[in-house]
Amino acid sequence: MSQDDAPRLGIGIIGCGRVGASIGAAWRQAGHAIIGVSATSTASLERAEDMLPGVPVLDPDAIAERAELVLVAVPDDEIAPLVTGLADLGRIHAGQILVHCSGRYGTDVLDAGTRLGALPIALHPSLTFTGTDVDLSRLRQATIAVTAPAPIRPVGEALVVELGAEPIDIAEADRPLYHAAITHASNHSITILAEAMELLTEAGVADPSAVLHTLVDASVANTMQNGPKALTGPISRGDVGTIEAHLAALSEFSLSRSNPAVRNSYIALARSTAAKALAMGRITEAQAQQILSALD
């Protein structure tokens, strides 16, 4: 069956945050009908109007009652209580597809609906969402983790393909590790880059992003192609004096701001980098000990 021949679904979206709005808009582009969206805040109502024009704003119980597929796009800790509440109200029915986009959870969090015969699917895109049309093209370059019982997994994979993304299977038990990896790569990178921009500003650089842009792009590209072999810098060369100079500058910066956060994160990541450089044979055991002593 081609994508064009695939059955069209009536999809309801509970939660019009950035993810819910963008996923809903992408499924709408694929030919599915969005029968309703729940939105309460001013931002979510505006997002619904921009991304899902003409779609009625409904209460979650009305959406669940009417939809063939329900996308539960609420914060992680709200998924289970919401599904349980809808199940208790009799709004979830057998054969209905229940989908969430949390990286943390697999399908266990949907158990209240599954017990009533609903079909549970967990999808998690490897993407930072903006809640705008930009996301629609980015989805076509992303992977989406699919967790679902074996008989239902092809449905989840088909839903991903309709978004233009590439499905990857992640087992229920591996979901927390998968999400830790995604979070470490994305969220922690944002912290590191924001700290680097702060340091460059302190050093008198008017446009920190101009300094970092090409450097970071090249680092990411090299790492994606070569893995840890892409490692460069003073630690990989055993340049203890350079590391000591960094620490002195960071200590001065921390004192001026009464905030040791940047220095602390530099030290933590330098320790991890030294261990990796040692394991790869880039530095000797003696050099590693000198680096760790300096970091202490």
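Biologist: What makes Gln-96 count as buried or exposed?

Modeller: In this predicted model, Gln-96 has a relative accessible area of 0%. Buried means under 20%. Gln-96 is therefore buried.

Biologist: Where does Gln-96 lie, and which residues does Gln-96 touch beyond four places away in sequence?

Modeller: Gln-96 lies in the loop between α4 (76-88) and β4 (97-100). Leaving out residues up to four places away in sequence, Gln-96 touches Ala-64, Ala-67, Glu-68, Val-70, Arg-91, Ala-118 and Leu-119.

Biologist: What does the side chain of Gln-96 reach?

Modeller: The backbone oxygen of Ala-64, at 2.6 Å. The cut-off for a polar contact is 3.5 Å, and 2.6 Å falls within that cut-off.

Biologist: How do you know whether Glu-162 is buried or exposed?

Modeller: Its relative accessibility is 12%. The limit for buried is under 20%, so Glu-162 counts as buried. Glu-162 belongs to helix α7 (residues 153-162).

Biologist: Which side chain makes a polar contact with the side chain of Glu-162?

Modeller: That of His-32, at 2.6 Å. Again, the cut-off is 3.5 Å.

Biologist: What is phi of Ser-258?

Modeller: Phi is near 55 degrees. That is a positive value in a residue other than glycine.

Biologist: Which residues make the contact of α8 with α9?

Modeller: From α8 come Leu-193, Ala-196, Met-197, Leu-200 and Thr-201. From α9 come Pro-208, Ser-209, Val-211, Leu-212 and Val-216. By type, eight are nonpolar, two are polar and none is charged.

Biologist: What makes α8 and α12 oblique to each other?

Modeller: Their axes cross at roughly 125 degrees. The perpendicular range ends at 115, and the antiparallel range starts over 145. The two helices are therefore oblique to each other. The axes of α8 and α12 come within 11 Å.

Biologist: Is the crossing of α8 past α12 left-handed or right-handed?

Modeller: Left-handed.

Biologist: Which residues of α8 meet which residues of α12?

Modeller: Ile-192, Glu-195, Glu-198 and Leu-199 in α8 meet Ala-261, Val-262, Ser-265 and Leu-269 in α12. Five residues of the contact of α8 with α12 are nonpolar, one is polar and two are charged.

Biologist: Now the whole protein. How many helices and strands are there?

Modeller: There are 13 helices and seven strands. The C-alpha atoms fill a box of roughly 65 × 40 × 35 Å along the principal axes.

Biologist: What percentage of the 296 residues is buried?

Modeller: Buried residues make up 38%. As for contacts with a separation of 6 or more, 60% join residues 24 or more positions apart.

Terms used. Residues numbered from 1 in each chain as written. Predicted model: local features only at pLDDT ≥ 70, side-chain atom pairs only at ≥ 80, totals over all residues. Heavy atoms only, no water. Contact = heavy atoms within 4.5 Å. Nonpolar A, V, L, I, M, F, W, Y, C, P; charged D, E, K, R; others polar. Buried < 20%, exposed > 50% of the residue type's maximum accessible area, 1.4 Å probe, protein only. Polar contact = N/O pair within 3.5 Å; in protein donor to acceptor, adjacent residues only side chain to side chain. Axes fitted to C-alpha atoms, helices over the stretch in contact; angles between N-to-C directions. Parallel < 35°, antiparallel > 145°, perpendicular 65-115°, else oblique. Left-handed = near helix turned anticlockwise from the far one by under 90°.
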